[in-house]
Amino acid sequence: MREHARLVIVGAGIVGCSAAYHLARKGWRDIVVLDQGPLFETGGSTSHAPGLVFQTNPSRTMTELAKRTVALYSRLGGDGEPCFYPAGSMEVATTPARWEELKRRRGLGKSWGLEGALLSPGDARNRLPLLDESKIVGAYYVPNDGIAKAVRACERMARPVEGRSVTFHGETAVTAIDVDGGRVRGVTTPRGSIAAEQVLICAGIWGPQVGRLAGITVPLAPMQHLYVRTAPLPELTGETRDVAHPILRHQDRSMYFRQHADCYGFGSYRHEPLPVAPDAIPRPAIMPFTPEHFAAAEEAAGDLLPALRRAEATYRINGLFSFTADGFPLLGEAAAVRGLWIAEAIWITHAGGVGQVVAEWMAEGDPGLDLHECDLSRFPAHAFTPAYVRARAVQQYREVYDIVHPLQQMEQPRGLRVSPFYRRQVEQGAVFFETAGWERPQWFAANERLPDAQRVPNRTGWEAREWSPIQGAEHLATRRAAALFDLTPFTKIEVSGPGALGFLEGLCANKIDHPEGRVVYTSMLNRRGGIMCDLTVTRLDRDRFLILTGGAVGPRDLAWIRGHAPGDGTVRVADVTSMYCGVGLWGPSARAVLSAVCTEPLSNEVFPYFAARAITIATIPALALRVSYVGELGWEIYARTEYGLRMWDTLWEAGRPHGLVPLGVGAFDSLRLEKGYRLWGADITGEDNPLEAGLGFAVKFGKGEFLGREALLRIKAQPLARKLCCLTFDEAGRVVLGKEPILDGDRVIGYVTSANYGYTVGRGIAYGYLPPTHAAPGVPVEVEYFGARCRATVSEEPLYDPKGLRLRC
Ligand code: FAD
């Protein structure tokens with residue numbers, strides 16, 4: 001075995017092989033892939049998976065990874081033994097609710113560019129003759145889904161790169177990872193040590209164990225999953241084709257099915273979740289079959305496919321694979337150990353695409369695809385604790401095939417992080433939603449009796465779930481009087497030191513070098529000019545800056561900033577989130593409210609828009625920023641956390657005569673959308689640049705070099721390929737929730753990035769990127785919502801206060 005490698009990959013399952021293949025194709029040499037098991041049937045999850053590939057996913061990124069995977073596995077065929085059988089897929093509905101869900105999934109498929117159709121029961125049966133059509137309402141069909149032969153794909157990916165660029169060693173377990181000075185240095189195996197510049201962990205369910213060798217936590221839980229294969233079915237006598245039938249999902253019973261020549265295989269998630277301690281994983285990774293967890297599945301299988309009623313199961317396993325807290329993979333470089341990369345918790349469905357983006361990321365410094373949902377750095381600290389990972393993974397297992405509303409709240413673990421105002425929020429009847437562990441009021445029952453409530457159009461159906469008309473009342477009261485909003489969950493980052501200004505100028509697209517007391521709204525871009533972070537930077541001092549960003553995106557933003565900071569001690573990046581609580585005090589009466597408790601001058605002349613000043617709120621020292629994400633006069637006010645409750649009470653008392661209301665996140669979102677403010681992760685991501693997103697005003701090309709400038713200049717020199725547009729629905733009261741396809745006739749021209757109801761403008765609002773042909777006010781389009789077409793019109797934006805007069809008054 002060689003003693004040095006550029007890269008050691010731990011694990012030769014589908015993920016390790018895919019990463020090695022893609023890196024080799026990028027020209028990397030000296031890659032060593034080590035697996036503790038025999039190649040390529042290693043005994044890991046890949047060896048036991050039946051390989052069903054359903055590409056449709058609520059996440060655009062996951063669908064894109066699946067599409068790339070299908071394209072890759074399809075190319076790996078060649079000698080008559082395919083790695084992918086495009087047999088098609090059907091998801092069947094046995095209830096009206098599921099049928100509605102399948103219409104929604106078809107919409108998602110359209111948004112993400114998948115071919116597909118909704119089928120009648122008869123059409124579904126024509127495609128899969130074993131199906132009892134009387135049991136279903138209909139089916140969602142995707143013609144190029146199918147079955148992946150994963151072990152074969154591993155071999156096919158290894159073959160062309162083996163020897164030349166990559167060396168594979170089976171039966172070679174990594175027993176230690178050498179880390180020194182915050183960098184990975186190599187690995188140890190019973191057959192010797194290898195010094196390595198980088199190490200990529202693709203160890204699947206063993207990820208937590210292997211991570212531990214390097215001192216890092218890989219937050220996933222291995223779970224048992226039951227799968228059986230029958231003896232030959234009389235109905236399939238003579239069938240020699242391995243896969244001819246479409247693969248099948250019966251989500252109402254948490255099951256899936258595939259054909260194995262003249263036999264059938266099926267798996268079930270409908271049982272008590274069975275997590276396995278990372279130290280107790282057997283090799284190969286299968287555990288004794290537990291029939292008590294499969295009885296209901298067997299009955300349901302026979303109901304839907306009567307041929308299975310009499311079938312004997314000859315192969316029965318509890319296989320093991322990984323689940324994470326939010327159901328997404330874990331990708332990226334470990335923040336604590338440079339050169340140590342992770343590609344974990346990945347299905348065969350996505351492994352081809354994942355190998356490609358990880359290779360891109362490692363080789364080019366950028367994955368080329370928006371991976372924020374998968375980024376290892378997305379989690380707050382509590383999400384690395386074993387108790388949290390296990391609790392969430394168990395729930396993810398239960399919900400794999402559930403109909404999950406986009407705003408559905410997790411039940412446990414809750415109450416992890418609360419602001420100092422929590423007690424008051426509870427007293428005011430807050431309905432809490434969770435973000436990054438924070439309990440955040442979505443709306444307040446106390447606002448039910450606001451006079452504005454009469455003006456809020458009612459909702460029914462899917463869009464009425466996890467919603468209250470109170471949100472509309474809070475929205476209108478904010479515009480009419482004033483609102484108090486809890487900003488404590490915002491991530492607060494202090495960047496300081498003699499190099500701070502230069503560092504931030506090089507990282508931000510907007511100009512940062514302003515006098516102290518100035519707030520700057522800016523993006524941070526990647527090398528392609530895509531928006532990685534969207535935040536404000538406030539200059540507190542010559543060498544001290546406060547960065548404010550969202551609660552959910554905060555950990556990633558922090559990692560991005562830290563990842564670019566110089567290591568020479570000239571810049572200090574500190575997460576000060578927990579040191580400060582904050583409120584937004586916004587609305588036309590905000591100045592009157594604040595003046596009642598604050599002696600500092602608050603006039604527009606002395607305290608203009610985008611200024612930051614130290615103020616006192618009665619006895620409390622605070623920092624006020626004249627900014628507002630809701631489009632009204634007002635301030636973000638931050639104080640040391642221990643003063644929080646008193647600050648809330650003081651402002652609340654001062655505000656009561658002015659009609660101050662507590663404001664929840666639900667109304668906050670509709671206020672920002674009416675004002676056209678972009679939301680990172682939805683309207684803008686690393687794949688969207690500021691020019692397309694309408695944020696060119698916050699890019700200062702003239703200030704000199706900054707990350708992404710070159711790419712953005714190239715983009716600027718060309719006509720824009722698309723533009724983020726505001727749509728309003730023609731039908732009064734119409735509202736959608738996001739991710740729906742936008743159509744011109746039958747042509748999909750975009751998808752909804754953000755949607756809400758504009759309670760002030762009296763219209764449903766949706767944003768989405770449209771091609772230049774459609775990106776002009778007045779252009780009619782349609783949005784597909786649960787299979788129905790909703791007429792909408794491209795509108796001049798922002799819809800509310802386009803001149804920004806209310807902000808600057
Ligand atoms: P693995 O295949 O487990 O590979 C990890 C490798 O790391 C192993 O070979 C292991 O030996 C090696 N390793 C671990 N520790 C060390 C060490 N210390 N030193 C050296 N090597 C080490 N996915 C789908 O997309 N569709 C499906 O239909 C599907 N059905 C499934 C059904 C079952 C019953 C199971 C078990 C899984 C199923 N999956 C399915 C999930 C899928 O199989 C896995 O998510 C995927 O195979 C994971 O690939 P991997 O390369 O990350 O992990």
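How far does a polar side-chain atom of D35 lie from an oxygen atom of the ligand? The distance is 2.5 Å in this predicted model.

View 1. On its own the ligand has 1000 Å² of accessible area, and the protein covers 97% of it.

**View 2. The shell around the ligand.** Among the 33 residues around the ligand, D35, T42, T46, I346 and T349 come nearest. Two or more residues each are given to this shell by α1, α2 (45–48), β18 (313–324) and α9. The most come from β18, with three residues. By type, the shell has 19 nonpolar residues, 13 polar and one charged.

**View 3. The largest nonpolar core, with 52 residues.** I9, I14, Y73, F168, L200 and L331 have the most contacts inside this core. Elements that each supply at least two of its residues include β1 (4–10), α1 (14–25), α3 (60–75) and α9 (348–364). Y73 is in contact with I14, C83, F84, A148, A153, I348, A351 and G352, leaving aside neighbours within four places in sequence. A second, separate core of 37 residues includes I177, I201, V276 and A345.

**View 4. K675 in the loop between α17 (665–674) and α18 (709–716).** K675 counts as buried because its relative accessible area is 7%, under the 20% limit. Beyond neighbours within four places in sequence, K675 is in contact with V630, G631, P798, Y800, D801, G804 and L807. Its C-alpha atom is separated by 21 Å from that of E463, 212 residues apart along the chain.

How values were computed
Residues numbered from 1 in each chain as written. Predicted model: local features only at pLDDT ≥ 70, side-chain atom pairs only at ≥ 80, totals over all residues. Heavy atoms only, no water. Helix = DSSP H or I, 4+ residues; strand = E, 2+ residues; numbered from the N terminus. Buried < 20%, exposed > 50% of the residue type's maximum accessible area, 1.4 Å probe, protein only. Contact = heavy atoms within 4.5 Å. Core = buried A, V, L, I, M, F, W, Y, C linked by side-chain atoms within 4.5 Å. Near = heavy atom within 4 Å. Polar contact = N/O pair within 3.5 Å; in protein donor to acceptor, adjacent residues only side chain to side chain. Areas by Shrake-Rupley, 256 points an atom, 1.4 Å probe, with all protein chains shown as cover. Nonpolar A, V, L, I, M, F, W, Y, C, P; charged D, E, K, R; others polar.
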